[in-house]
Amino acid sequence: MREKKPFYITTPIYYPSAKLHIGHAYCTTIADAIARYHRLAGDDVFFLTGSDEHGLKIQQKAEEAGIQPIEYTDKIVASFQALWKRLDISNDDFIRTTQKRHERVVQEIFRRIYAKGDIYKGEYKGLYCTPCESYWTEHQLDENGCCPDCHRPVQEVAEEAYFFKMSKYQDRILKYIEDHPDFIQPASRRNEMINFIKQGLDDLCISRTSFNWGIPVPTDPKHVIYVWFDALTNYLTPIGFLDDPEKFQKYWPADLHLVGKEIVRFHTIIWPCILMALDLPLPKKVYGHGWLIVDGDKMSKSKGNVVDPNLLIDEFGADAIRYFLLREINLGQDGNFSRDALISRINSDLANDLGNLLHRTLNMTLKFQDGVLTAPQGESEVDRSLKVDAMATVQAFATGMEDMKLSDTIKTVWAFIGRANKYIDETAPWALAKDPAKKQELANVMYNLAESLRLISVLISPFMPQTSERIWNQLGLTDAGKAWSDVQLEDAETWGGVPAGLHVGKPEQLFPRIEVEKDEAPVANAKAAKKQKQAKQEPKTKKEEHLPEGIITIDDFAKVQLCVAEVLACEPVENADKLLKLTLSVGSDAPQRTVLSGIAQFYQPAELVGKHLVLVKNLKPRKMRGQLSEGMILAASDGKALKVVEVGMPAGTEVR
């Protein structure tokens, strides 16, 4: 049994950028998935995010807009909070560095370190990057003499300032990092920080007098405290550093600071030195995640490739965005965001794999067992194999999440979803339903599928909180007395949590399949574009091609669209001896179809229910006996007998 414990996780507090982008959503979604996992595992979680609102660049932005800095930040911070709500971010607190509770903490920390003799007054002369709010020395600049982080010009600064004796802690922080290999992750970031420290740490300028948007130095109010000294201490404010010793003792040191790789230096060098000066323990881990690249290029307003997460949520839903970000990108590495890749994942993983599994399971349970699951008795080899795979998946899920291997963990869960879909094809419930002697075997199969979905709903909950609850409710588990809000990881650690006699609900579409029209291939240059345009405007007269009778071209055949269709229901057509009316599913994300087929002489209606047939899906609908037939099913005949073409693939699969 895993020991349950307090768990404190933070994201960086975000600079109030006037334009939200998908990168903001990425880091916070990672943190939320980790926090949700630890709550699921029974830990007492405190999840913090917030906004970093002081500094020269904020003051300049506000002046450009003709408003006060607090007015500027209020509006933008509200947009962050609204986005977190839309993304189902489950933070326990949202810290703003402009809040009075935080000002008290920052000033008290300044007092304590000053009283210790680790802060002194002097004059700063050097280089400053306003966009990054970072101090640099000449030898630290990039090859163009610009900021090594953002590669924008730096300014020479000269002003009276207070300094923190960071150099005093150089050897101590270096030894700590070397002695605690897990403190900075991934290892590449750790190596970067070790090399940075070995170049020598200067004392840190921690106050400014050239502007006034910041927290005043408590003993010298003409100075405002340097924005990073202010921002880093936010991690202490909400957990009771000054006013709740019991809470502070419970949650500090933080278990995880999750930050972008560009600010690892602040969190693994400056912040630990401040904590050492305060005689406080250091965070257990700082993890520097990579950047989110858009179609192979870093996001930039000047390049016009900034992706608005709100628009993505409007179009695809929050869970689809969360799934893509967490599944597609390995934590610690840069990851690429592509609209095409997002749509592909929605269609393949969410609509086809997960959505189809739920839809087929509920439909067959309703059709074959009136929606009621009965207790399994005995088991086949394939049943046993499914259970073994299920329990192995639960174990791998817990291990992967503890190690923060989110992408690998999702892939493991989806491998089990694929296994459950394969189990349907292996057991063929539609065939079992035809044989009264196999009633218990059918009951076992339907129970095992529902139980698999119960486990899946638990395992995907850190990644897709809305979808997991929808699956739970469609299975009917809430009505059976197990509220989703009470679900814990231990509910997935044993097989058999679906109660006998459970009445499942009706299937509802989880993720509609997204149809995308293919654009024309891009042309190489203006001359080619002109030729293409002329070709459109001046159609060529094509010489008529004479083919032998009965022969068609590949272009003709390419027009025929074939797919797998599952027979949901079948009945005779009144006053038509040869016709059967088939109700077909062509995928959980598509409307059902009705097809009339002249096969009544060869099949009883009940024989066809559950079969997976081949459908010509783009045949023009036509009326037969007053009813609309939307396609044609394929069959083979020798003139005496006829058999429909069956395929062991899920409904909606393309046949080619």
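Colleague: Leaving aside neighbours within four places in sequence, which residues is Thr-365 in contact with?
Modeller: Asp-370, Gly-371, Val-372, Leu-373, Met-446 and Val-504. Contact here means heavy atoms within 4.5 Å.

Colleague: What sort of model is it, and how are residues numbered?
Modeller: It is a predicted model, where local features need pLDDT of at least 70, side-chain atom pairs count only at pLDDT 80 or more, and totals for chains, interfaces and linings use all residues. Residues are numbered from 1 along each chain as its sequence is written, and side-chain values use heavy atoms, with hydrogens and water left out.

Colleague: Back to Thr-365. Which helix does Thr-365 lie in?
Modeller: Helix α12, residues 339-369. Helices are DSSP runs of H or I with at least four residues, strands are runs of E with at least two, and both are numbered from the N terminus.

Colleague: Is Thr-365 buried or exposed?
Modeller: Buried, because its relative accessibility is 0%. Buried means under 20% relative accessible area, exposed means over 50%, and partly exposed is in between, with a 1.4 Å probe and protein chains only.

Colleague: At what angle do α11 and α12 pack?
Modeller: About 100°, with the axes 10 Å apart. α11 covers residues 318-328. The two helices are therefore roughly perpendicular to each other.

Colleague: Which residues of α11 and α12 make the contact?
Modeller: From α11, Ala-320, Ile-321, Tyr-323, Phe-324, Arg-327 and Glu-328. From α12, Ala-341, Leu-342, Arg-345, Ile-346, Asp-349 and Leu-350.

Colleague: What are the cut-offs for those angle words?
Modeller: Under 35 degrees is roughly parallel, over 145 roughly antiparallel, 65 to 115 roughly perpendicular, and the rest oblique. Axes are lines fitted to C-alpha atoms, for helices over the stretch in contact, and angles run from 0 to 180 degrees between N-to-C directions.

Colleague: New topic. Where does Leu-615 lie?
Modeller: In strand β20, residues 612-616. Leu-615 is buried, at a relative accessible area of 0%.

Colleague: How far apart are Leu-615 and Cys-563 in sequence and in space?
Modeller: They are 52 residues apart in sequence and 5.4 Å apart in space, C-alpha to C-alpha. Cys-563 is also among the residues that Leu-615 touches, not counting those up to four places away in sequence. Others include Leu-584, Val-586, Arg-593 and Met-632.

Colleague: Now the backbone. Which peptide bond to Pro-186 is cis?
Modeller: The one from Gln-185, with omega near -5°. Pro-186 lies in the loop between β7 (184-185) and α6 (187-198).

Colleague: And what about the bond from Trp-252 to Pro-253?
Modeller: That bond is cis, with omega near 10°. Pro-253 is in the loop between α8 (245-251) and β12 (256-260).

Colleague: What phi does Asp-88 have?
Modeller: A positive one, about 60°, although Asp-88 is not a glycine. Asp-88 is in the loop between α3 (69-86) and β3 (93-96). Asp-88 is partly exposed, at 22% relative accessible area.

Colleague: Where is Met-404?
Modeller: In the loop between α13 (381-402) and α14 (406-427). Met-404 has a positive phi of about 60° and is not a glycine. Met-404 counts as buried, at 10% relative accessibility.

Colleague: Whole protein, then. How many helices and strands?
Modeller: 20 helices and 26 strands. Of the 656 residues, 52% count as buried. The C-alpha trace spans about 100 × 70 × 40 Å along its principal axes.
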